[in-house]
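Try each task before you read its solution.

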Amino acid sequence: MLTVRREKLGSGIKVVHVSDLHKRRFGTDNVRLIKKVRAEKPDIIILSGDLITRSETDFSSAEAVLRGLCETAPVYMIYGNHEQSIHKENKRIFKKMLLRNRQILLKNGCAELVVKGRTLKIYGLLEDYGVYKKNGGYRGLDVIEKKDIDRLLGPCPEGEVLLIAHNPFFGEEYAKWGAKYTFSGHVHGGSVRFFRKALLSPERRFFPKYAKGVYDFGGKKLLVSAGLGKLRLFDPPEIVVYEI
């Protein structure tokens, strides 16, 4: 089952948020996923990381998704922790695959897009890997603060700023930096959900916050997708459609 969650945060621009596909397949070459996104007629598509799994060596299915999405609307993507940690040789193959397609990969960079008379400044955060794993484990992980985002992205500019940041646990800091909307994934909705509560994060932490949904920090929004892949229970794979 592939679900569509809808969030009305404004009006005028439709954004489809896709995250954490990993090895999941929705039909041959993920045709069902592509059709579901295309049916929404988005103005923008956001890929917030982990299009692949670090152990993958065949990226043909991921490429089919990218190709289909790029034929639908402008696609902006970032690396998740799995893209960061794939084997060096596989990373080279993955990068060559990206060069064959039209997505815009943001690695601590910015792109500007005018949609329906509105100028969107879209940033993609490539954070230090120590926020995910350190010394082979999950103890003493690094944290992200506003000063780190300033260091990686520079100060937040004026205007309508969208930030793509794979890890949602630092939502307050993204808001302090100044992003109006931050798109995240990573937590897979908590893998198991009971009474709308997330059970487990990829860092083996119970009851993670910011696992799925819209979170508000003084008017700045953290938008967390439960994603598409990985094992899950009472936590259906989803794409998210936002009106902003």
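In which helix do D148 and R151 both lie, and how many residues apart are they? They both lie in helix α5, three residues apart, about one turn of the helix. Helices here are DSSP runs of H or I with at least four residues, strands are runs of E with at least two, and both are numbered from the N terminus.

Before going on, a word on the ground rules. This is a predicted model, in which local features need pLDDT of at least 70 and side-chain atom pairs count only at pLDDT 80 or more, while totals for chains, interfaces and linings use all residues. Residues are numbered from 1 along each chain as its sequence is written, and side-chain values use heavy atoms, with hydrogens and water left out.

**Exercise 1. Describe the bond between D148 and R151, and the cover on each partner.**

Step 1: Their side chains meet in a salt bridge (3.8 Å, N to O). The term stands for a side-chain nitrogen of Lys or Arg within 4 Å of a carboxyl oxygen of Asp or Glu.

Step 2: Recall that buried means under 20% relative accessible area, exposed over 50%, and partly exposed in between, with a 1.4 Å probe and protein chains only.

Step 3: D148 is buried because its relative accessible area is 16%. R151 has 51% relative accessibility, so R151 counts as exposed.

**Exercise 2. Trace the salt bridges around R5.**

Step 1: R5 forms a salt bridge with E7 (2.9 Å, N to O) and another with E238 (2.9 Å, N to O).

Step 2: The R5–E238 pair links distant parts of the chain, with R5 in strand β1 (residues 3–8) and E238 in strand β14, 233 residues apart.

Step 3: Check the cover. R5 is at 14%, so R5 counts as buried; E238 is at 1%, so E238 is buried too; E7 is at 22%, so E7 is partly exposed.

Step 4: Widen the view: R5, E7, K212 and E238 are linked in a network of salt bridges. The whole structure has 23 salt bridges.

**Exercise 3. Which residues touch the most other members of the largest nonpolar core?**

Step 1: A nonpolar core is a set of buried Ala, Val, Leu, Ile, Met, Phe, Trp, Tyr and Cys residues joined through side-chain atoms within 4.5 Å.

Step 2: Among its 28 residues, the answer is V18, L33, V37, F94 and L228. The largest share of this core, five residues, comes from α2.
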